[in-house]
Amino acid sequence: MEWQEVLKRLLQNKISLLGILIILFFIVVAVFAPWIAPPRDADEPYLIPRGGWAIQPQPPSEEYIFGTTEGQYDIFYGIVWGTRTAFRIGLIVVGISSSIGIIVGTIAAYYGGWIDEVIMRITDVFMSIPFIIATIVLVTILGQGITNVMIALITFSWMSTARLMRSQVLSVKEDEFVQAALALGANDFRIIFRHIILNTIFPVVIQASMRMGSMVITASTLSFLGVGAPEGYADWGQMISFARNWILGVEGDPLHYWYTLVIPGVAITLFCLSWNLIGDAFRDILDPKLN
Amino acid sequence: MNFLSKEALVEVKNLKTYFYTEEGVVKAVDGVDYEIYPGETLGIVGESGCGKSVTSLSIMRLVESPPGRIEAGEINFQGKDLTKLSEKEMRKIRGNDISMIFQEPMTSLNPVYTVGDQIMEAIMLHKGVDRKEARRQAVDMLQKVGIPLPEQRVDEYPHQLSGGMRQRVMIAMALSCDPQLLIADEPTTALDVTIQAQILELMNSLKESYGMSIMMITHDLGVIAEVSDRVAVMYAGKVVEYTDVDTLFEDPKHPYTWGLMNSIPKLDKDVDRLEAIPGSVPSPLNFPEGCKFNTRCPLAEGKCFDVEPPLENATEGHKVRCWRYKDLEKIKERGERIYEDRGVLD
């Protein structure tokens, strides 16, 4: 199926259209962040401005339309600039780890034999380490910060793509058109990149779009656990972590500080949901059995 | 046609290609000799599993390794022994001097590229011309293989073409660099009969206009009769009979060939039942001692079970690998059959 056809069907499908609209909304927010929420300090736009030093969150007001969270950090500003952080983490982590997975899986499957054996056993070792614990340990070793969080996420998330790619390549490399290309004198590089990868990429694209959301959640988890973004950095996970002490509200009014939790929560949920919707729709469109 | 006076284009000598599997060594090709002369079509015929495809893959050096390996022998082509060339040197020959077309036109084209892209790939790979020129040549090739509206078809994807069309595209790809040898591995098996005839006719006419040789691998004696000049009949990894096509059909000397001939219906003879060769090809993991055909051969006796017969000249230019081909001749003279009733002989 050609790309134009896939795109057309994605837009025709109501579910994926919803996903695309949500993502478009986030993209607009991310791109126009400097105008939507002008930074106080243009050199450090990712630092959330504070409306004072009091600990208690303040409800939405005219100045801070989403209110302020613990330490008077502006929730609206955090959400807007946090969109950029989410995209950065999602795109970079998924992009790099998928690329690693594609290359590793393809090499293992294409060459087979002991190369396959060695690569897949290394993959197994990486898979055997619990993901969250592994990333926490690595970030702790590397030091706090968004970049280190991304490095840790990449290090421990390429394996599923590698396995998926390997199984795909194993089946495609037996196809006759690969033989035919060999018989025309094409070399391995050409066969892999021109003939095999393009015929195996769709499942990986689906998986990657699903992983966009989960990587952002994991990054948020790390921030919530205190090993992610540094304090005051515009990051949705961190915003939730600020809400930790206020989740229960005050006595008799559990929803008293709802805005500290609900607003960043909704942002994360919508972001992940939209990628999953697109991934699901992608899968349905490309699954020949469902057509 | 007499090709024997000319120098062979390809000379395969004592080729052995083995597969090392967990169950044991599979001798898929076990000492095969033949020549292909310029401008001729050599037919290779045999049942599935007789090693005919592996022979062709060995020439292209496309036998998957491991488990496969060319164990011994020479494949001489233009003064070079193909079995000794490096992978890089081989890539220059593949698609350029020797091309191959495959059985399944449905899967031999990459579904994600247009047919033009795929023909151009071959042209750009070997001729070093730019995209524009390659495209022009691709359209030209599509025209030559009889695809209507080539300027339009060049931008279509394989799924938009019929099986016959795709096989034509495969032929266009294979011929785009003027190869001297075209290996066709059951090129018409997956096509319906009318399309088969068209493709064979196309290959015959292209062979003449390009002056190339064709190695036609098939299990279909009809195809052999239509296109071949000479034929090698293979059984269990060996050539059992090797002669020109007319002689083979008039005077098959090996009991296996004889059986194949009698297993197809003939228009000019009225028969109630067709003869069939009993049994099936022995597993390559445990070939019998002696002649490999002895498990199915009604003539097999004594020596046949102990010593493998050599491929020897029965008459000039007619080689046969059988201890008892002279006895078979006598049976033929008497007008008897050998396969229906095992008691006929003695």
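In the predicted model, helix 5 of chain A meets helix 8 of chain A through Thr123(A), Phe126(A) and Met127(A) on the helix 5 side and Met159(A), Ala162(A) and Arg163(A) on the helix 8 side. By class, the residues of this contact comprise 4 nonpolar, 1 polar and 1 charged. Helix 5 covers residues 113-128 and helix 8 covers residues 159-172 of chain A; the two pack at an angle of about 140°, and their axes are 9 Å apart. Helix 5 of chain A is therefore oblique to helix 8 of chain A, since only angles over 145 degrees count as roughly antiparallel. The crossing of these two helices is left-handed.

For chain A, an unreviewed UniProt entry lists residues 83-279 under "domain: ABC transmembrane type-1". In the model, this span of chain A is 79% helix and 0% strand.

In chain B, an open sheet is formed by 4 strands in the order 2-1-4-5, with antiparallel pairing. Strand 2 (24-36) and strand 5 (80-81) of chain B are the edge strands, each pairing on one side only. Strand 1 (residues 10-21) and strand 4 (residues 68-77) of chain B run antiparallel and are joined by 8 bridges. Within this sheet, Tyr18(B) has Arg69(B), in strand 4 of chain B, as its bridge partner.

Terms used
Residues are numbered from 1 along each chain as its sequence is written. Chains are lettered from A and ligands numbered from 1 in the order in which they are written. This is a predicted model: local features need pLDDT of at least 70, side-chain atom pairs count only at pLDDT 80 or more; totals for chains, interfaces and linings use all residues. Axes are lines fitted to C-alpha atoms, for helices over the stretch in contact, and angles run from 0 to 180 degrees between N-to-C directions. Angles under 35 degrees count as roughly parallel, over 145 as roughly antiparallel, 65 to 115 as roughly perpendicular and the rest as oblique. A crossing is left-handed if the near helix is turned anticlockwise from the far one by less than a right angle, and right-handed if clockwise. Two residues are in contact if their C-beta atoms, placed from the backbone, lie within 7 Å. Ala, Val, Leu, Ile, Met, Phe, Trp, Tyr, Cys and Pro count as nonpolar, Asp, Glu, Lys and Arg as charged, and the others, Gly among them, as polar. UniProt positions are given in the numbering used here, feature names are shortened, and annotations may be inferred rather than shown by experiment. Two strands pair if DSSP finds at least two bridges between them.
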